[in-house]
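The sequence and the model come first.

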Amino acid sequence: MVEIKLHNTKTRKKEVFTPIDASNVRMYVCGPTVYDRAHLGNARPVVVFDVLNRLLRHVYGEDHVTYVRNFTDVDDKIIARAEQSGREIGQITSETTQWFLEDMAALGAREPDHMPRATQYIPQMVLMIEELIAGGHAYAAEGHVLFAVESYEKYGALSGRTVKDMIAGSRVEVAPYKRNPMDFVLWKPSSGDQPGWDSPWGYGRPGWHIECSAMSYELLGESFDIHGGGNDLMFPHHENEIAQSCCAHPQGDFARYWLHNEMLQVEGRKMSKSLGNFFTVRDLLDQGVPGEVIRFVFLSTHYRKPMDWTEKKAKEAEATLLSWKKTIDVWRFEVGKKSSGKNPPRTIVDAVSDDLNTALAISEMHALAKKAKNSIEAAIELAEAMVFLGFNPSTDVLEEHDLAFLKGMLQNIRENAMETKDFSEVDRMKTVLVAAGVKVKMSKSDIVLELTPDFDPSKLESLK
Ligand code: AMP
Ligand code: ZN
C-alpha cells in the first residue's frame, strides 16, 4: 500500500494520511464565487486538488473517494454585478458556472463528484443556524444572526491567533448589534430586490461561511478527511467553518487534514487589476496557451510555495510537453498496446504521495523521457506518468489546439486583407506556417491547415 503524507495546517506538520473509512475517503474544497471568469489564481487550487483527487483514487480505488467542491452563488459581489450590468442574478451565476467548468476542463481537471450550489442548501443552513442558537453559540439581533466567537474556545486555532489579537489587528466595521467585534454573520436581512428567503429571523440570506459547513455536513457527514482551499481562506473563512461545524456537531471532528495552497503571482508580482497583470484562464487559452501547458507550469512548483506565472515558463512547458509526446509517439504502437493509463511508475506515485511533490515527479519524468529515446519500457512509463498527472500523452491535443488557433488567426488576417486589399500579411503568415511544417490550403470559402511530420512550433514564435 502506498503511504500518503500530507502537510496538515491544523498541526503544522507533515503527517501520514489515514482515512476515517478507506472505502469512502472524503474531501471538500472551497470553490469559486460565480460572478466573473476565473482568474489564473483561482485555477491553482483546482489543479492542486485535482492531483490529490487522482492520487486518492489511485490508492483507494476509483469508487472509494468522494470529492465535493461548492459554487457560491449568493454573495454581495454577485448582487453588485447584477446591479451594475442590469442582468438577472440567475443568468450571471449559471453562465459563470458553465464558464468555470469549461475553463477547468481545459486544464485537465476532473469534475468533483458533487458540486453543490449554495442556493440549493438554504433549508440546511437555516437548520444549522437554529442549532447554533439553541446551543448558545449564536444570537439574533436586528434581523441578523451572529456567531458568538467567545462561545468557541478554540476559535483561531487553525490560523494560530487569539480573539484578542484579531480584534487588535482587525479593520472590521463594528456593527452596533455585535456583542464582540469578531462575531461574524450567519444570516442577514435582504431588501426587496436582493435575493432572499423566509427564515425565523425574517426575510434574508446566509452569510458566506455557513454554506460550506452546511453542504459538507450534508454530503460528507460530521467528520470527514480532507478540507482544502487557498491559504487566503484560512482566516476568516476556514476558521469560521470550523467554529460553526464543531459547535453545531460537537460529536464530530469536522475535517481532519487541512490543506492550503499558496498564492499565484505573475512575473514576480501579486496579480491585480491595478498592476495591469490580471488575466483569466480564458484569456490565456484564447491567446493560444494550451490548457495542458498551464497545468504543467502549475505542477512545476510545490503547492505550498508561492507560484510565479511567467511567459518564459509557459514556453518551456510547451516545449517539454511536446518533446515528451513526440518521444512517446515514436513507440506509439507499443505504448498503445501495453499502457493502460492506470499503472503509473512507483517513483512518480511516491513523489506525489509525499505531500504532493509534483515538482519532483516532473523531474523524474524528465529522466524517464531521456531514457525513453532508446527504451520502450521507459516510454510506456512516461505515458503512464503523464496520464496519472492529468496530461494526454498523445500529440493530438496540443496539435489540435495549435491548428484551431492558427486557423482562427489566418481567417482574421484574411478578412482584414479582403477589406484593405493588401494581402501582404496573409502571405507573411503563410510563409511562416509553411516554414514551421504546416501545410496550408486556402480556398474562397475555407482554410485547411494540416501538420506535417516536420511541424516545429518554435518556428511559430513570430506569430504569437
Ligand atoms: P474566490 O472565488 O475568491 O473565493 O476564490 C476561489 C479559490 O481561488 C479559493 O480557493 C482561493 O483561495 C483561490 N485563490 C484566489 N486567488 C488566488 C491566487 N492568487 N492564487 C492561488 N489561489 C487563489
Ligand atoms: Zn468554504
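**Notes on the predicted model**

1. Serine 190 counts as buried, with a relative accessibility of 10%; buried denotes under 20% relative accessible area, exposed over 50%, and partly exposed the range in between (1.4 Å probe, protein chains only). The residue belongs to the loop between β7 (184-189) and β8. Its side chain reaches the backbone oxygen of proline 195 at 2.8 Å. Not counting residues up to four places away in sequence, serine 190 touches Pro195, Gly196, Tyr203, Gly204 and Arg205, where contact means heavy atoms within 4.5 Å.

2. Basis of the values. This is a predicted model, in which local features need pLDDT of at least 70 and side-chain atom pairs count only at pLDDT 80 or more, while totals for chains, interfaces and linings use all residues. Residues are numbered from 1 along each chain as its sequence is written, chains are lettered from A and ligands numbered from 1 in the order in which they are written, and side-chain values use heavy atoms, leaving out hydrogens and water.

3. Helix α2 spans residues 76-85, and its buried residues are Ile78, Ile79 and Ala82. They lie on the same side of α2 because they cover an arc of only 100 degrees around the axis, the arc being that of the directions from the helix axis to the C-beta atoms. Exposed residues Glu83 and Gln84 are carried on the face turned away from the buried side. The cover over the buried residues includes α3 (89-106) and β8 (204-206). Helices (H or I, at least four residues) and strands (E, at least two) are DSSP runs, numbered from the N terminus.

4. Ends of α2. Aspartate 75 caps the N-terminal end, with a side-chain oxygen 2.7 Å from the backbone nitrogen of lysine 77. After the helix comes glycine 86, whose phi is positive, near 75 degrees.

5. Which residues are the closest to ligand 1? They are Gly41, Asn42, Gly230, Asp232 and Leu264, among 16 residues that surround the ligand (a heavy atom within 4 Å). A backbone N or O atom of glycine 41 lies 3.0 Å from a nitrogen atom of ligand 1, and a polar side-chain atom of asparagine 42 lies 3.2 Å from an oxygen atom of the ligand.

6. The largest nonpolar core has 79 residues, of which Leu40, Leu52, Leu56, Ile294 and Trp309 touch the most other members. Such a core is a set of buried Ala, Val, Leu, Ile, Met, Phe, Trp, Tyr and Cys residues joined through side-chain atoms within 4.5 Å. Helix α1 (residues 40-60) supplies the largest share of this core, twelve residues.

Conventions. A polar contact is a pair of N or O atoms within 3.5 Å; within protein, one must be able to donate a hydrogen and the other to accept it, and residues adjacent in sequence count only if both atoms are side-chain atoms.
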